[in-house]
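Begin with a network, then move to single pairs, a sheet and the whole chain.

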Amino acid sequence: MDLRRRIAASAFAATIALAGCSSTGEDAADDRVEDETGENGVAATVVGGDSDDGGSPANGTTSTAASEVTTSEPPISAPPTSAPPTSAPSTAPVIEAAASSAPQRLATAGPGVAGVLQWIETSAQVIGEAGAIDVTVSDEFAEVADAGELGLVFQRSVEEPAIWITADGSTRALIRAGDGQRLVLEGVGVDESGAVVVWYQRIDTGSLSNQQASLRSFEIETGVITEIAETGSRDERTDFSALSGGVVMGRWAGPATEGTNLVDLDRVGTAFGGGTQPECSDGQPDCAVYGAATYDDATGEAFAMRLVFNVDAARIDRGGLFRLDPATGQEEPLVAFGWDDGAWYPDDMFIAGDLVIVSLRNGAGDPLPALVYDRSTDAYWTLPDAVFVRPAFRPTLDG
């Protein structure tokens with residue numbers, strides 16, 4: 001499978017690291033010829049028409065946005081710098097995965113949930129109320145995000161320098177990378193103006209001295225691109241779970257540090273906050289390296305999964321779900337599951353109402369039944385089917 005692997009198979013957090021630095025509007029405005037390169041260096045290009053393969057439109061023309069747009073609004077106030085997270089207490093319940101189960105489950109199978117996008121490498125479907133399937137499409141997927149009535153946004157592989165959109169049986173390229181660049185689809189949602197946008201990272205992969213990454217938004221209906229924050233350099237990278245709007249959490253790592261940043265997707269230059277800790281090995285005591293993390297803008301809570309080191313056995317034998325306090329970096333263990341190398345890994349996670357949903361995969365990259373945790377009752381279960389899950393997004397876009 002050519003799936004996007006956010007987490008290395010040997011451990012949760014061999015993440016492509018990242019630093020959350022500010023990006024000024026002036027810098028963004030000067031950045032013209034890039035992943036969305038258009039005629040005469042205009043920044044944003046929408047490859048449209050009826051082309052099935054995302055090549056030149058049928059009429060041979062290219063539609064471009066007038067310019068790359070940045071905002072002049074100041075960043076929101078930053079929370080206090082986080083303290084190093086504490087190691088996990090041994091009080092969280094540990095559930096041993098059944099080695100013979102098919103498919104492997106971290107917890108007992110339970111009910112499905114509405115409002116999710118389910119997908120495997122060859123098809124995707126949006127699940128509505130009462131389990132009804134609102135839309136089903138087939139293609140080759142390495143990452144998928146739901147854009148509601150506008151269609152599904154996806155990447156076919158991590159190597160292909162394009163992000164696509166499919167709707168009404170037609171597929172076209174939405175954003176293309178330039179030479180020496182690659183794109184990482186991060187999610188779809190509505191910005192504060194009400195526009196439906198795609199969030200993605202553009203990573204410049206040229207010479208080592210010039211490598212950098214930035215988090216950007218792309219308005220599907222207008223082609224306007226906004227650079228939100230610088231998210232990486234030669235030695236640092238950031239990884240996000242599925243983005244759907246508001247303030248989000250990024251997991252970053254550098255040569256000797258790991259931590260988290262909060263980024264407001266509606267403000268330019270707002271990668272702020274974050275805790276760091278001394279260099280350590282994933283899963284060791286006091287080393288909180290998260291394989292997936294998500295933030296609830298409404299409550300200020302964050303949730304994350306990471307490996308847990310067994311001091312008595314001197315090895316990693318559990319993986320746990322934690323509630324985080326972004327202002328202090330403190331962890332509250334919620335539930336832990338038996339773990340062995342290659343057995344299971346978090347693929348992504350997001351919040352849907354009271355539910356924290358964790359998409360899972362095995363060491364081969366195949367999907368496992370997702371974990372669902374109800375923070376209002378502390379109940380948890382796994383979804384019926386072995387599929388990857390992401391947030392569904394089914395708004396009415398006509399006002």
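Asp296, Glu301, Arg323, Glu332 and Arg375 are linked in a network of salt bridges. A salt bridge here is a side-chain nitrogen of Lys or Arg within 4 Å of a carboxyl oxygen of Asp or Glu. The model is predicted: local features need pLDDT of at least 70, side-chain atom pairs count only at pLDDT 80 or more, and totals for chains, interfaces and linings use all residues. Residues are numbered from 1 along each chain as its sequence is written, and side-chain values use heavy atoms, with hydrogens and water left out.

The whole structure holds 14 salt bridges. One of them pairs Arg267 with Glu192, with 2.8 Å between the closest N and O atoms. Arg267 sits in the loop between strand 17 (258–264) and strand 18, and Glu192 in the loop between strand 11 (181–190) and strand 12 (196–204), so the pair ties together parts 75 residues apart in sequence. Strands (E, at least two residues) and helices (H or I, at least four) are DSSP runs, numbered from the N terminus. Glu192 is partly exposed, at 46%. The cut-offs are under 20% relative accessible area for buried and over 50% for exposed, with partly exposed in between (1.4 Å probe, protein chains only).

Next, look at Arg390 and Asp347. Their side chains meet in a salt bridge (2.8 Å, N to O). Arg390 lies in strand 27 (residues 388–391) and Asp347 in strand 23 (residues 345–352), so this pair ties together parts 43 residues apart in sequence. Arg390 and Asp347 are both buried.

Four strands form an open sheet in the order 15-16-17-18, with antiparallel pairing. Strand 15 (237–240) and strand 18 (271–272) stand at the edges with a single partner strand each, so one side of each has no neighbour in the sheet. Strands count as paired if DSSP finds at least two bridges between them. Four bridges join strand 15 to strand 16 (residues 247–253). Thr238 has Trp252 in strand 16 as its bridge partner.

A salt bridge also joins Arg251 and Asp239, with the closest N and O atoms 2.4 Å apart. Arg251 is in strand 16 and Asp239 in strand 15, 12 residues apart. Both Arg251 and Asp239 are buried.

Finally, step back. The protein has one helix and 27 strands. Of its 399 residues, 55% are buried.
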